[in-house]
Amino acid sequence: MAYFNLTDSINLLTKLTPRRFWNAAKVYCSYQLSLLTGKPIQWGYPISISFEPTTSCNLRCPECPSGLREFTRPTGMLHPDFFKQTINDIYKDLLYLIFYFQGEPYLNPNFLDMVTYAHQKGIYTATSTNAHYLTDDNAKKTVESGLDRLIISIDGTTQDVYEQYRVGGNLHKVLEGARNIVKWKKALNSNTPFVFFQFLVVKPNEHQIDAIKKIGAEVGVDQVRFKTAQVYDYENDPNQLIPTNNKYSRYKKNSDGNMVVKSGLKNHCWKLWHANVITWDGLVVPCCFDKDAMHQLGNLSTQSFKETWNNSNYQQFRKELMNSRKNIDICANCSEGLSVWEE
């Protein structure tokens, strides 16, 4: 059951200007019309985008291209001038901005300055962090930046379990960082950011689900969220990550005893109508499952965002998705609708 937070919801609604509401209505109506006709129709601009601060990361997580250092695309940092230029083009229609794709956002030295800039444009801002850089000073600056949502990845309640997935990580630092944020929210009398622990449920940590709820309450975060894990080779699961509790798995065994994705891969996807991802160097890709930017729908060094959103590459990708989504490689492991929320 989804956990509803009134303060956070009201905060999001305060960002909804008449223009943003009208844009969201156009996007939603065009998606519904596409479902009815079986043909891709796109009105309006994205309601939400993800902007990648960096591909660099301090950890070595076993199912993450950034952690494994297995990218085929370059590693780098989002430049604030490029970020501002893009935001200036789309902020009047944009409601929600996620400062995350791959990598650890706080490794970009300009990260919080960019958050502040988006906040000043009235956009709801969110990020996801492994919390190793939430020092007392950074925690204070985070609250002052106006960041609306902070997701803290914490995949174990003891160091030995935590480091099985967050390889190279230090659980003490994560908890200390979370406490720093909670402290500065209180000290600055701020309702933001809305802070939650995100617990990626895998086989080594599934026995700690109750324990992370207790730790979340002790630290004072606003919510604990449980997320299903993406496993690239889910048929064989070489790292033994798929949990035994089916509720927290993206996968299930079919009648032949083979592992398959639960979502079923129907020929539609709301994300392709209302959201997208921009890499640190300006590549526009369909969604967060295209981690290596293999499906480049545009390049903001040669086209504006608004030109890209309606270009021939985007139109063709939406058409292919509605005709045969199962044949698109990045859709094969899609978890749409499979996140599990609990208080």
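The model is predicted, so to speak of local features pLDDT must be at least 70, and side-chain atom pairs count only at pLDDT 80 or more, while totals for chains, interfaces and linings use all residues. Residues are numbered from 1 along each chain as its sequence is written, and side-chain values use heavy atoms, leaving out hydrogens and water.

**Helix H9**
- Helix H9 spans residues 209–219, and its buried residues are Ile209, Ile212, Ile215, Gly216 and Val219 (buried is under 20% relative accessible area, exposed over 50%, with a 1.4 Å probe and protein chains only; helices are DSSP runs of H or I with at least four residues, strands are E runs of at least two, numbered from the N terminus).
- Seen down the axis of H9, these buried residues fall within an arc of 115 degrees, so they line one face of the helix (the arc is taken from the directions from the helix axis to the C-beta atoms).
- Asp210, Lys214, Ala217 and Glu218 are exposed on the face turned away from that buried side of H9.
- The buried residues of H9 pack against helix H8 (171–187), strand E5 (194–201) and strand E6 (223–228).

**Leucine 36**
- Leucine 36 belongs to helix H2 (residues 18–37).
- Its relative accessibility is 73%, so leucine 36 counts as exposed.

**Threonine 192**
- Threonine 192 sits in the loop between H8 and E5, and counts as buried because its relative accessibility is 17%.
- Leaving aside residues up to four places away in sequence, threonine 192 touches Asn11, Val143, Leu147, Asp148 and Lys185 (contact means heavy atoms within 4.5 Å).
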